[in-house]
Amino acid sequence: MIQASLRIVPPAGKWIELRNVMRSLKGPTEVSHGCCECRVLQDAADEGALTYLVQWESLTKLEEHIRSARFRKLLPYIETSVQPPEFDVSSIDRIGGIESLIAVLDSNTGGGAAPKSPNPELTISRPNDQS
C-alpha cells in the first residue's frame with residue numbers, strides 16, 4: 001500500500017476555500033478504484049495548515065490520481081502556500097487495527113488492575129512502563 005500526504009498552509013482568507021476543495025475531492029477519491037482511504041486533516045499544532053492524505057493500492061494508482069483533473073484542483077493552493085508545501089509518499093507493509101494496540105498492551109502486563117474496555121470483546125491491560 002502507498003500513502004501520500006500533501007500539507008499546505010494557504011494564504012490569509014483562503015483556508016476555508018482550500019478546506020472545501022479538499023473536502024470536495026474526498027468522496028470521489030474514496031470511491032475510485034484502488035483508493036483505500038482519503039482524509040482531510042487540520043494540524044493541531046498549526047491550525048492554518050491542512051493535509052490531504054490518501055492511501056492507494058499501488059504507486060501506479062497514486063500517480064494516476066495525481067495526474068487527474070480532480071487532484072489538479074489543488075495546484076493553485078500548492079503554488080500559493082505560505083510555507084513550502086510538504087509532499088510525502090510512503091510504502092506501508094502492514095496495517096494493524098485495535099487488535100495490534102491490544103497485543104502490544106498485553107505483551108507488557110502487570111502493575112495493577114487493567115482498565116475496563118468500553119467494548120466487552122476487547123481486553124485492555126496496563127503496561128509495566130508508565131513513562
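Modeller: Let us start with one term: contact means that heavy atoms lie within 4.5 Å. The model before you is predicted. By that criterion, and not counting residues up to four places away in sequence, Val-9 touches Asp-46, Gly-48, Ala-49, Thr-80, Ser-81, Val-82 and Gln-83.

Biologist: Where is Val-9 found, and why is Val-9 called buried?

Modeller: Val-9 is found in the loop between E1 and H1. A residue counts as buried under 20% relative accessible area. Val-9 has a relative accessible area of 9%, so Val-9 is buried.

Biologist: What elements make up the protein chain, and in what order do they run?

Modeller: The protein chain has five helices and four strands. From the N terminus on, the elements run β-α-β-β-α-α-α-β-α. Of its 131 residues, 28% count as buried.

Biologist: How do you know that the span of helix H1 agrees with its number of residues?

Modeller: The expected span is 1.5 Å times one less than the number of residues. Helix H1 covers residues 15–30, which is 16 residues, so it should span 22 Å; its end C-alpha atoms are 22 Å apart, and the two values therefore agree.

Biologist: Which residues of H1 are buried, and what makes them line one face of the helix?

Modeller: The buried residues of H1 are Leu-18, Val-21, Met-22, Leu-25 and Thr-29. Seen down the axis of H1, they fall within an arc of 95°, so they line one face. The elements covering the buried residues of H1 include strands E1, E2 and E3 and helices H2, H3 and H4.

Biologist: Let us take one of these residues, Thr-29. Why does Thr-29 count as buried, and what is in contact with Thr-29?

Modeller: The cut-off for buried is under 20%. Thr-29 has 0% relative accessibility, and therefore it counts as buried. Leaving aside neighbours within four places in sequence, Thr-29 is in contact with Cys-35, Cys-38, Tyr-52, Val-54, Trp-56, His-65 and Arg-70.

Biologist: What makes the pair Thr-29 and Tyr-52 a polar contact?

Modeller: A polar contact requires a pair of N or O atoms within 3.5 Å, one able to donate a hydrogen and the other to accept it. The polar contact between the side chains of Thr-29 and Tyr-52 is 3.3 Å.

Biologist: In what order do the strands form the sheet, and why do E2 and E4 stand at the edges?

Modeller: Four strands form an open sheet in the order E2-E3-E1-E4, with antiparallel pairing. E2 and E4 each have a single partner strand, so one side of each is left without a neighbour in the sheet. From one strand to the next, the twist averages 10°.

Biologist: How do you know that E2 and E3 pair, and how many bridges join them?

Modeller: Two strands pair if there are at least two bridges between them. Seven bridges join E2 to E3, which run antiparallel. In one of them, Gln-42 has Leu-50 in E3 as its bridge partner.

Biologist: Which strands does H1 touch, and which does H2 lie across?

Modeller: H1 packs on the sheet and touches E1, E2 and E3; its direction makes about 10° with that of E3. H2 lies across E1, E3 and E4, and runs at about 135° to E3.

Technical notes:
Residues are numbered from 1 along each chain as its sequence is written. This is a predicted model: local features need pLDDT of at least 70, side-chain atom pairs count only at pLDDT 80 or more; totals for chains, interfaces and linings use all residues. Side-chain values use heavy atoms; hydrogens and water are left out. Helices (H or I, at least four residues) and strands (E, at least two) are DSSP runs, numbered from the N terminus. Buried means under 20% relative accessible area, exposed over 50%, partly exposed in between (1.4 Å probe, protein chains only). The arc is that of the directions from the helix axis to the C-beta atoms. Axes are lines fitted to C-alpha atoms, for helices over the stretch in contact, and angles run from 0 to 180 degrees between N-to-C directions.
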